[in-house]
Amino acid sequence: MRKSIFIAAGLLFSISIQAQFLDILKSTVKDKTGIDLNTPPATKGSTATTTATTATPTKNTPVNLGNLSSTQISSGLKEALSMGVTDGVKKLALTDGFLKNEAVKILMPEKLRKIDTTLRSIGMGSLADEGVKLLNRAAEDAVTEAAPIFTNAITSMTITDAKNILLGQDNAATNYLQSKTQSQLFTAFQPKVKASLGKVGADTVWKNLISKYNTFTGQSVTTDLNEYVTTETINGVFKMVADKESGIRNTPAMRTTSILQKVFGAQDNK
């Protein structure tokens, strides 16, 4: 009987030691691998509960244009362009509006720049300076007539793919306007420039300037100042419009009408 008790006690002691060892083993596995041996594996078809966090791919916030129609977007773009023309023409029409603005200043025509160099080399730099100044004065005078011509072009322009233009570069609408209206603007604006060249005396000064150069060099240089100044004046207006468009796109405070706020507010997260 006593022997049986000792055997039973030995078995219990052995089982206790094994249980402690197993607990230590499970604890070590969990610490090293994160696997809990006390939790039975999920059987096929059962739903296992996990605590792992699934990483969500980072995406740019989509631009919500769903509540804007193409007509509304087109109206917003046209209003921004019209504001750009109005503000740009107002600034360019001032005295020195072209001459003192390096971004739009009209320089000596490229094919006549050798005249500038030659005249300065013989002490007639003041005549060359006067020639350049009067080109800019002609542009400043003529540009006052540009606003209605530009406004008409903007109003009559059909903007295709308006959403892509809205979500495009800072001057996307200006570039679109220029690509669609440059030719008609030139045709309508050229007579205004011609009149201004005569009004400020630029045509007379340039005839004298070219004549002196031809006499001194024995060459025969000519150029169409009307075409040149018309192109440069139009490009100057487009530059001012592009600046205004960029401002409206990037500065909410410049969106001074409800349509500008609605349309350009939608592109803020592009």
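**Close-up 1. Residue classes in the lining of the largest pocket.** The lining of the largest pocket divides into 4 nonpolar, 2 polar and 4 charged residues, where Ala, Val, Leu, Ile, Met, Phe, Trp, Tyr, Cys and Pro count as nonpolar, Asp, Glu, Lys and Arg as charged, and the others, Gly among them, as polar. The model is predicted, so local features need pLDDT of at least 70 and side-chain atom pairs count only at pLDDT 80 or more, while totals for chains, interfaces and linings use all residues. Residues are numbered from 1 along each chain as its sequence is written, and side-chain values use heavy atoms, with hydrogens and water left out.

Close-up 2. A pocket is an open set of points, on a 1 Å grid over the protein atoms alone, where a 1.4 Å probe fits, with protein on both sides within 12 Å along at least five of seven lines; lining residues have an atom within 4 Å of a point. Lining residues include Lys 194, Leu 197, Trp 206, Ile 210 and Asn 226. H7, helix H8 (202-217) and helix H9 (225-250) each give two or more residues to the lining, and H8 provides the largest share, 4 residues. Helices are DSSP runs (H or I, at least four residues), numbered from the N terminus.

**Close-up 3. Helix H4 against helix H7.** The axes of H4 (residues 125-142) and H7 (residues 172-199) come within 8 Å and cross at roughly 130°. Axes are lines fitted to C-alpha atoms, for helices over the stretch in contact, and angles run from 0 to 180 degrees between N-to-C directions. H4 is therefore oblique to H7; angles under 35 degrees count as roughly parallel, over 145 as roughly antiparallel, 65 to 115 as roughly perpendicular and the rest as oblique. Contact (heavy atoms within 4.5 Å) is made by residues including Leu 135 and Ala 138 of H4 and Phe 189 and Val 193 of H7. The contact residues divide into 6 nonpolar, 1 polar and 3 charged.

**Close-up 4. Helix H5 against helix H7.** H5 (residues 146-156) packs on H7 at an angle of about 140°, with the axes 10 Å apart. H5 is therefore oblique to H7. Among the contact residues are Ile 149 and Phe 150 of H5 and Leu 185 and Phe 189 of H7. This contact has 9 nonpolar, 2 polar and no charged residues.
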